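Dear colleague,

Please find below the structure that I am handing over to you. My notes on what was found in it follow.

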Amino acid sequence: MNQPMGRFVSFEGSEGVGKTTQIARLKRRLESLGRTVVTTREPGGTEVAEQIRNLVLDKTMPPMAPDTELLLIYAARAEHVARVIKPALDDGAVVISDRFADASMAYQGFARGIDVGRLKELNQWVLGGFKPDVTVLLDMPVQVGMERARARDTLDRFEQEEIGFFERVRQGYLSLAREDPDRVKIVDANGSVDEVASAIASVVEGVPGLGKEMFGRAFSQSLYCQNLQDNEEACGSCASCHQFEAGTLSDFRLLTLEEGHASIGVEQIRETIEFLTLSHEHGRKKVAMLWPADRMNINAANSLLKTLEEPAGDSLIILVASQPERLPVTIRSRCQVVSIPAPSRTNALAWLSTQGYENADLALAVAGGAPLAAVHFSEDALLASFDAVLGSLVAQVTGQRSMQEVISVWRQVDVESLLDWMVLISEWSILCANGIEQPSIK
Ligand SMILES: Nc1ncnc2c1ncn2[C@@H]1O[C@H](COP(=O)(O)OP(=O)(O)O)[C@@H](O)[C@H]1O
Ligand SMILES: [Mg+2]
Ligand SMILES: [Zn+2]
């Protein structure tokens, strides 16, 4: 991973549920973590697509045929994906879109009655398999949302639709969530802005690539919180928490990979050391969090080492690393190590099954017990190819397949995964040979 993984988050829900409000909150939250965030909206997001948006939403226009509206929206979407979303994801940004393809299913499909099967074909034709990593579905009774939207502004063409239409939109969205529970997460939009924001934050933190650094961040926030909760977690509502979440708490700094850089360099460390030695607000710690710390280059590590030997005043340096063994031993020996262990297999399995994953047992085993990585396995169809590799081996051993056939299966897998899996399969074989039970393999 040379830069943070690009991640695509979409917000859905009918009028007035709070999409615009919550997107702004999530953007600030992720930015305070050092992520680059690109927000955009549908229909629209590019000059061409915004023109199409105006056409589609123009209430002075006579009504268009449902297919016309649909094709215009997909034309705008093709433009949006090609010119905005994919390039930003390639740059490692988090892209948050105010609505995406699910909106077409809910509005044009479920509410306007265009055949959902046809819609899916069109979707496949335009987007291939491209879809958000996570979709936040803000859900509340239609009447409440309408009231909010009405208080906000005059209604455009969509918003003038009768209440039954929005009821169908809502039910459509809910059925999309039931169909794809791994991706579409229902969030109750009925609470206060803060309550909804924190529900959204926990959904987003569950997404691989948006989770790991959150531990260090949550810990840092708890160091400043003026109203720690019983479980030692930050309250999320005191003045310090607000500052922290808004990214304006000047005594905290997150040091992470610069765009396009594979490692954290010595200049970044020097700046951080300077930051730590500057005066701080009365009575407050200075905290610098390095993530991923195992990506410091050797000069950076050496430069940090001096500071670790003689830390400045009331300051704390947090190193977040998924492979701490890659840190020089001189650094590790000067740190207090806090391991964040994988949860017990039972808990991890329970969590995975509430997320609707099949084959959770196997995914978890292949992922070395880390549930988020197991999710990644299920989603990337990696698990299926693991299954194929394992199956081919078994078939070879039992004489059902030639080595040639086995090798042709292996050729379809990247070398790194293949090596990992061979090690894993060997471990399992040894354990099995010693009568220790291994995950059920289909
Ligand atoms: N949790 C909330 N409680 C009360 N009012 C809210 C809440 N979230 C948003 N609002 C208000 O409701 C209106 C609609 O919110 P908005 O974010 O524009 O919704 P959407 O983008 O989904 O249409 C705005 O005036 C906003 O300030
Ligand atoms: Mg909005
Ligand atoms: Zn607090």
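Is aspartate 194 buried, partly exposed or exposed? In this predicted model, aspartate 194 has a relative accessibility of 33% and therefore counts as partly exposed, since that class lies between under 20% for buried and over 50% for exposed.

Aspartate 194 forms a salt bridge with arginine 25, and their closest N and O atoms are 3.0 Å apart. Arginine 25 belongs to helix α1 (residues 19-32) and aspartate 194 to helix α8 (residues 193-205), so this pair ties together parts that are 169 residues apart in sequence.

The count of salt bridges comes to 16. Another of them joins glutamate 179 and lysine 120, with the closest N and O atoms 2.9 Å apart. Because glutamate 179 lies in helix α7 (residues 163-179) and lysine 120 in helix α5 (residues 116-127), the pair ties together parts 59 residues apart in sequence. Glutamate 179 is exposed, at 51% relative accessible area, whereas lysine 120 is partly exposed, at 36%.

A further salt bridge links aspartate 251 to arginine 284, the closest N and O atoms being 3.6 Å apart. Both of these residues are buried.

Finally, I would draw your attention to a pair of helices. Helix α11 (residues 266-277) packs against helix α12 (residues 298-309) at an angle of about 20°, with the axes 8 Å apart. That angle makes α11 roughly parallel to α12. Their contact includes Val266 and Ile269 of α11 and Ala300 and Leu304 of α12; the contact residues divide into five nonpolar, three polar and one charged.

Yours sincerely

Definitions and conventions
Residues numbered from 1 in each chain as written. Chains lettered and ligands numbered in written order. Predicted model: local features only at pLDDT ≥ 70, side-chain atom pairs only at ≥ 80, totals over all residues. Heavy atoms only, no water. Axes fitted to C-alpha atoms, helices over the stretch in contact; angles between N-to-C directions. Helix = DSSP H or I, 4+ residues; strand = E, 2+ residues; numbered from the N terminus. Parallel < 35°, antiparallel > 145°, perpendicular 65-115°, else oblique. Contact = heavy atoms within 4.5 Å. Nonpolar A, V, L, I, M, F, W, Y, C, P; charged D, E, K, R; others polar. Salt bridge = Lys/Arg side-chain N within 4 Å of Asp/Glu carboxyl O. Buried < 20%, exposed > 50% of the residue type's maximum accessible area, 1.4 Å probe, protein only.
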